[in-house]
Amino acid sequence: MPACSVHNNKAFLCLPKNLVKLNNVKLLAIYNIVNTRINRSKPVIISTNLTESELEAKYTQRITSRIIGNYVSLLFLGKDIRQIKNTY
């Protein structure tokens, strides 16, 4: 299941690429976290390495549309620090 934690009323939700198949109960839990935070105007940080289409395929169009429509995406680019460290 994706990791979710709340600290000082700020939520962090991790939606990884290598997750096993999600069932309806888990998808509903993710939807409720995202939707409740939006409805209450509460901050949330969502971290994922999935593209928009991969998010939709794995987490449904309903969850994806709320994430894409209500949050600002920040794209971090660059070389993987693990690969850089291994070259020295």
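This text walks through a predicted model of one protein chain, from its overall layout to two of its residues. Local features need pLDDT of at least 70 and side-chain atom pairs count only at pLDDT 80 or more, whereas totals for chains, interfaces and linings use all residues. Residues are numbered from 1 along each chain as its sequence is written, and side-chain values use heavy atoms, with hydrogens and water left out.

The protein chain has three helices and three strands, arranged along the sequence as β-β-α-β-α-α. Helices (H or I, at least four residues) and strands (E, at least two) are DSSP runs, numbered from the N terminus. Of the contacts (heavy atoms within 4.5 Å) between residues at least 6 apart in sequence, 68% join residues at least 24 apart.

Of the 88 residues, 23% count as buried. Buried means under 20% relative accessible area, exposed over 50%, and partly exposed in between, with a 1.4 Å probe and protein chains only. The accessible surface of the chain is about 6700 Å², and 55% of that belongs to carbon and sulfur atoms; areas come from the Shrake-Rupley method with a 1.4 Å probe, and for residues only the protein chains shown count as cover.

T64 lies in helix α2, residues 52–70. T64 is buried, with a relative accessible area of 2%. Its side chain reaches the backbone nitrogen of E56 at 3.2 Å. Apart from neighbours within four places in sequence, T64 is in contact with E52, L55 and E56.

V72 sits in the loop between α2 and α3 (81–86). In contrast to T64, which is buried, V72 is exposed, with a relative accessible area of 74%.

Definitions and conventions
A polar contact is a pair of N or O atoms within 3.5 Å; within protein, one must be able to donate a hydrogen and the other to accept it, and residues adjacent in sequence count only if both atoms are side-chain atoms.
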